[in-house]
Amino acid sequence: MFDPIELGREFFERLMAVDAAITAKVVASACPRCGGPLHVGNYLRKPRGGVLGLAGEAFTLRFSLCCGREGCRRRATPPSVRFLGRRVYVGAIVIVASIVALFAATAAAAHRATGVPARTVRRWIGWWRGEFAETSVFATLSGRLVPAVSRRELPASGDRLATLWPLDRTRNAERARRLVDPPPDRSMPGPSGIAPHLRALMADYAATGLPPAFVTKDPPTGHDDDSSEDS
Ligand SMILES: [Zn+2]
């Protein structure tokens, strides 16, 4: 059983801004085939968001570029953080729904939580473990991870990167989850020379020549000597 997770409008607005920034970089380069200038050639897609990312369906514009040189007109479509290749579902749903399917008790429970048919998610998981695992992107990423990611468990890594708390508007309304003010400044005063006790020990040592750990034992009281001790 999964509590509802929701990727809201703001989430997709931020992804859109990332896509715009990627496109701005690519537009400054030239056509990879002929070196001609790149012109805006955006087009519309019909992304699906399932239950989790319904807000993502409103973000239909796919940033794209076209070579402006007559006779070439090659399309140059920059990478996107909203669209994952030609998949009809938005990229974030491909990732989250795959993870939910791995951990849901049944395929039907995963379907209820994400709105993505089980057959589609099975295909995605096959892609994570097959085609995706062959890419240089995966090779580069997995080289940085210790311990290495098991291909057979993709898209799970076995490590928890972050806790995704369920959306719970009722609990949030109790304000028990509100941001708290930072605690008052209880930091210690800064260092100001030699600590007082150490300074006293150093003065004693200078005066007496006895090592600082030397503590004079008071003569025992109530006992004559050590003879009463058991061996
Ligand atoms: Zn060109």
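**Reading the helices, sheet and core of a predicted model**

Author: The protein has seven helices and five strands, where a helix is a DSSP run of H or I of at least four residues and a strand a DSSP run of E of at least two, both numbered from the N terminus. This is a predicted model, in which local features need pLDDT of at least 70 and side-chain atom pairs count only at pLDDT 80 or more, while totals for chains, interfaces and linings use all residues. Residues are numbered from 1 along each chain as its sequence is written. From the N terminus on, the elements run α-β-β-β-β-β-α-α-α-α-α-α.

Reader: Which strands form the open sheet, and in what order?

Author: Three strands form the open sheet, in the order β1-β4-β5, with antiparallel pairing; two strands are said to pair if DSSP finds at least two bridges between them.

Reader: Why is Asn42 called exposed?

Author: A residue counts as exposed if 12 or fewer other C-beta atoms, placed from the backbone, lie within 10 Å of its own, as buried if 20 or more do, and as partly exposed in between. Asn42 has 12 C-beta neighbours inside 10 Å and therefore counts as exposed. Asn42 lies in the loop between β1 and β2 (43–44), and, leaving aside neighbours within four places in sequence, is in contact with Leu61, Arg62, Phe63 and Ser64, a contact being a pair of C-beta atoms, placed from the backbone, within 7 Å.

Reader: Why is Arg73 called partly exposed?

Author: Arg73 has 15 other C-beta atoms within 10 Å and is therefore partly exposed. Arg73 lies in the loop between β4 and β5 and has a positive phi of about 55° although it is not a glycine. Most residues other than glycine have a negative phi, and most peptide bonds are trans. Another peptide bond to inspect is the one from Leu154 to Pro155, which is cis, with omega near 5°; Pro155 is found in the loop between α5 (136–143) and α6 (169–173).

Reader: Which residues of the largest nonpolar core touch the most other members?

Author: A nonpolar core is a set of buried Ala, Val, Leu, Ile, Met, Phe, Trp, Tyr and Cys residues joined through C-beta atoms within 7 Å. The largest one has 17 residues, of which Ile93, Ala97, Val100, Ala101, Ala110 and Val121 touch the most other members. At least two residues of this core come from each of α2 (91–103), α3 (107–114) and α4 (118–129), and α2 gives the most, with six residues. Not counting residues up to four places away in sequence, Val121 touches Ala97, Ser98, Ala101, Ala110 and Val116.

Reader: What makes α2 roughly perpendicular to α4?

Author: Their axes come within 10 Å and cross at roughly 100°, the axes being lines fitted to C-alpha atoms over the stretch in contact and the angles running from 0 to 180 degrees between N-to-C directions. That angle makes α2 roughly perpendicular to α4, because angles of 65 to 115 degrees count as roughly perpendicular, those under 35 as roughly parallel, those over 145 as roughly antiparallel and the rest as oblique.

Reader: Which residues of α2 and α4 meet?

Author: Val94, Ala97, Ser98 and Ala101 in α2 meet Val121, Trp124, Ile125 and Trp128 in α4. The residues of this contact divide into seven nonpolar, one polar and no charged, where Ala, Val, Leu, Ile, Met, Phe, Trp, Tyr, Cys and Pro count as nonpolar, Asp, Glu, Lys and Arg as charged, and the others, Gly among them, as polar.

Terms used. Contact = placed C-beta atoms within 7 Å.
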